[in-house]
Amino acid sequence: MGPRGPLPTTRITKTKINGPAKKEKKWNVTIRLPMVMVMPMGAAIVYKLYRALTYGVSPLVYLHLRWRKIRGREHPLRWPERLGRPSVSRPPGPLIWFHAVSLGEGMAAIPVIKHCRRLRPDLHILMTTTTHSAFEVIKNRLPSGVIYQFCPLDIPVAVDAFLGYWKPSAIIIIEGELWPNLIMGASKRGIALGLLNARVSTKSFKQWSGPLFRPLISLLLSKFSLIAPLSTLQAIRFQLLEASPFTINFSGDLKYVHEYDESEGDIGSIEDLKASLAHRQVWMASSIHRGEEKVHKVLMQKNPNLVTIIVPRHPQHGKEIAQKLQKEGEVVALRSRHEKLMPRTNVYVVDTLGELRQLYKLTPIAVIGGSFLPGLAGHNISEAAAAGCAVLTGPHIGHYSNMVLAMQRLNPKSVLQVSGKSELEEALSQLFSDARVLEAQQMAAKEAFCALSSGIIANVWNLLNFHVFRRALC
């Protein structure tokens, strides 16, 4: 079936002011988005096939979950929550469910939850995540009274049990968790849906645009009352996947919103570490993946007093990195073993969770990993910028390119993106040798962060209130 009626048009107008005369120049950019109408029958058939398939494999999913529990990848006591079995009682009254898959998305949700608690204390809040690592950190960060559970797997029995027990008035999903059984089950029960920090990766967009998945994705997106995308590019992708233009509204990136509290890490030991680093040159390589921890060797030759703080993306890799570096002759201290930073220590490996924001305050320079090897897609740079670090990242930054470009537009010095190891070594050497260059980059990063983080929570709350809560709580 061809498109019905004229193609929808999005018109973007930018205004530029030139010189003291304040003459206006306007550019009108018209983006034509072809909308292919898909028969609802096709989408319904695809969903029924998905539901039947997930129902059929439910016994295998249960066995896989038990295996993950044995391997330590699921909570040893609370893993039944993944099957929709609650571990606490539901309080009476309206309840809003916030869901984030992992630690980064969960941390982004917390300021919204706190704001919701302040303005609507009559609402109960349920927070869910998927990963065990996120649970261990977030459980100590949530406001009192917030219920915290593991998210159910997207199999019919688990989803139906979860929704039937908790009966949320609205579901707020962070980033891109589009699970068909969950979304269709919520829609069937009249539960309002919102998607914050919405994004679709390039890989997912290509897959979802194909003839097999497109009808189902279009059907799922039609169930949302609000989609708040990360960028204009993401908004266009959602429209191409046939999300309603009326549901797409910009609010800002929640990952710019940081709230520090005393539960973030062992404050006493971090202060001790700060004292130990007081007379040493220091830099941090954070969110490091295997193979990205090798730059410090060249720098050590030029700066014998240098301390490199390595924060692996996955803490379980910390011991492996430490052993490897020790075999190469480095003097390494491991945080999980409470090893002290001695005068001869030149590498400090932080193999713990939930302390990164506090650790950024210890270093003037932060290199954000997950960006130096092909196949990786970068990590959040805003936490380092918020702490006033000079921020560097590699060439492979995936959807974080939007964050990098936004900061660089405000000040090109706010984020230095290097092409690889040799350029990184050169940039770090310059920062260590020229205090003025270092200070300029630190200030640029901090100022760009402050500009981009302003007003985001208020924007998000206004959108949720207008598009989601007004419908859900009437």
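This is a predicted model: local features need pLDDT of at least 70, side-chain atom pairs count only at pLDDT 80 or more; totals for chains, interfaces and linings use all residues.
## Overall make-up

The chain has 474 residues, and 50% of them are buried. Its secondary structure consists of 18 helices and 15 strands. Among contacts with a separation of 6 or more, 68% join residues 24 or more positions apart.

The accessible surface of the chain is about 22400 Å². Carbon and sulfur atoms supply 58% of that area.

## Nonpolar cores

In soluble globular proteins, nonpolar side chains tend to be buried together. In this model the largest nonpolar core holds 73 residues. Met127, Leu196 and Leu464 are the members that touch the most other members. The element that gives the most to this core is helix α18, residues 456-472, with eight residues. Another core lies apart from it and has 38 residues, including Ala43, Leu182, Phe205 and Phe238.

What is Met127 in contact with, leaving aside its neighbours within four places in sequence? The list runs Phe98, Ala100, Gly106, Ala109, Ile113, Leu142, Val146, Ile147, Tyr148 and Gln149.

## A nonpolar surface patch

Some nonpolar side chains are found on the surface: Leu60, Tyr62 and Leu63 form a patch there. Together these three residues have about 310 Å² of accessible area.

Leu60 belongs to helix α2, which covers residues 58-70. Is Leu60 buried or exposed? Leu60 counts as exposed because its relative accessibility is 59%, and the cut-off for exposed is over 50%.

## Cysteines

A disulfide is a covalent bond between the sulfur atoms of two cysteines. How many disulfides does a search of the whole structure find? The search finds zero.

## Helix α5 and the residue after it

Helix α5 spans residues 156-166. Which residues of helix α5 are buried? They are Pro156, Ala158, Val159, Phe162, Leu163 and Trp166. An α-helix has 3.6 residues a turn, so residues three or four places apart point the same way.

Lys167 follows α5. The phi of Lys167 is positive, near 45°.

Notes:
Residues are numbered from 1 along each chain as its sequence is written. Side-chain values use heavy atoms; hydrogens and water are left out. Helices (H or I, at least four residues) and strands (E, at least two) are DSSP runs, numbered from the N terminus. Buried means under 20% relative accessible area, exposed over 50%, partly exposed in between (1.4 Å probe, protein chains only). Contact means heavy atoms within 4.5 Å. Accessible areas come from the Shrake-Rupley method with a 1.4 Å probe; for residues, only the protein chains shown count as cover. A nonpolar core is a set of buried Ala, Val, Leu, Ile, Met, Phe, Trp, Tyr and Cys residues joined through side-chain atoms within 4.5 Å. Patches are made of residues with over 30% relative accessible area and no salt bridge: like charges are joined within 9 Å, nonpolar side chains (Val, Leu, Ile, Met, Phe, Trp, Tyr) within 5 Å. A salt bridge is a side-chain nitrogen of Lys or Arg within 4 Å of a carboxyl oxygen of Asp or Glu. A disulfide is a pair of cysteine sulfur atoms within 2.5 Å.
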